[in-house]
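User: Can you walk me through reading aromatic contacts in a model? I'd like the general idea, then the case at hand.

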Amino acid sequence: MSGTASSYATEDRADYTTRVVVLTPTDDAAFNGTVIVEWLNVSGGIDAPAVWFMAHREIAREGHAYVAVSAQLVGVEGGASLVGADMSLKAQDPDRYASLSHPGDAFAYDIFSQAGSLVRNGLLGRLDPKAVLAVGESQSAAYLTTYVNDVDPLTGVYDGFLVHSRFGPAAPLDGSNVFDASKPGAVDAVPFRSDLRVPTMTVITETDLIGGWRMGYHSARRPDNELFRAWEIPGTAHADNYTIRVGFIDNGSAPLDDIVAAYAPTNELMGTQLSYCINFAPQHHYVLQAAIANLSSWVRTGEPAPTAAPIALTEADPPRLDLDANGLARGGVRTPWVDVPIAKTSGIAGNESDMSFLFGSGEMFDTAALRALYPRGSAEYLERFTEALDRAIDSGFILPADRSEILELAAATFGS
């Protein structure tokens, strides 16, 4: 994809050539009319399809088309990242990607707009898009926040936005380093604008809410209104077992035993042995899938996504999670894993490796705790879990299509 992009910070213009990846149903008749366009995440020094990875089951089974956009400099040319690695397109395959040229992240916003316009004007061939949704996670969510606030009112390219796992600040409009906390405004809280143009959802984990290396989303909270929904999910971390283990095998037909094993608690993270297990809760994955379904429906039918209470916080400075007797956060998007728990999972973790602060923590309840919670054992647990699951489905926070899988997973993990 080539063109000339503008900088919204300086009005400079620059030529570019970048890459888009297009996935469509193998049968044209299965396309449902919605296109998910993802701003690829470059925090690891590589173009990462973070939203696709965590929600690909829903995207594929519902017949969405999916378009991944190499919007930022690091993904194409290399540059600063959280882990210091250069796994850019040019580093991985210099011959194939020799023709790519990215002028810098000040131009990324217009590049992303042009990608959305291209989706509407022939990129999908015979397929006719009815709704084009922009999505992005983590660093990409910071850029999408700026895009929603400062660019979308000028361009009007996308029909809806899903901003996944953002912290309090937003990305700079001038393309300067998003990790540079010394830059003026880099640590300021940036709420979404109140006069949104199209439906916008943000999905927030405990890690994002409380923060750590960045100011937490709690500082940028704003009320829901007719075009905005914030879903804060208790018991979740910015990244988790699904990110590093489950997602790689979760193709819709993987044996249950393999899925259970991939979700099993582990203290190994990218070759480092931690003193605790990372977050292994499933709700992040399932709720994100429901968010995509709700946003698509909202845009296509006008029926708004459901609202959720925010996660409860203490009045400390900075605030902390308000925990129940089981050590799980109150409020937020309620799921059976926090309402009928067998483990304490959190978005809060120690800094024992370069990335561990993003992966939260988890600890299974011991036998005595399980007996106290469920005196009749697994039968009582599954009965109460099913009731809580059906409440979450009725509320719109989990999809009916995931119900049987979730119940099988629950039955297989009680007391394990």
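Analyst: Rings of Phe, Tyr and Trp (its six-membered ring) pair if their centres lie within 6.5 Å; planes under 30 degrees apart count as stacked, over 60 as edge-to-face and the rest as tilted. Here, W39, Y109, F112, Y143, Y147, Y158 and F161 form one aromatic cluster. Keep in mind that this is a predicted model: local features need pLDDT of at least 70, side-chain atom pairs count only at pLDDT 80 or more, and totals for chains, interfaces and linings use all residues. Residues are numbered from 1 along each chain as its sequence is written, and side-chain values use heavy atoms, with hydrogens and water left out.

User: How many aromatic pairs turn up in the whole structure?

Analyst: A search of the whole structure gives 21. Take Y242 and Y263: their ring centres are 6.4 Å apart with planes at 45 degrees, so this pair is tilted. Y242 belongs to helix α7 (residues 241-246) and Y263 to helix α8 (residues 256-263), so the pair ties together parts 21 residues apart in sequence. Helices here are DSSP runs (H or I, at least four residues), numbered from the N terminus.

User: Is Y242 buried or exposed?

Analyst: Buried means under 20% relative accessible area, exposed over 50%, partly exposed in between (1.4 Å probe, protein chains only). Y242 comes out buried at 1%, and Y263 is buried at 6%.

User: What kind of pair do Y374 and Y381 make?

Analyst: With centres 5.3 Å apart and planes at 70 degrees, Y374 and Y381 are edge-to-face. Y374 is buried at 2% relative accessibility, and Y381 is buried at 1%.

Technical notes
Helices (H or I, at least four residues) and strands (E, at least two) are DSSP runs, numbered from the N terminus.
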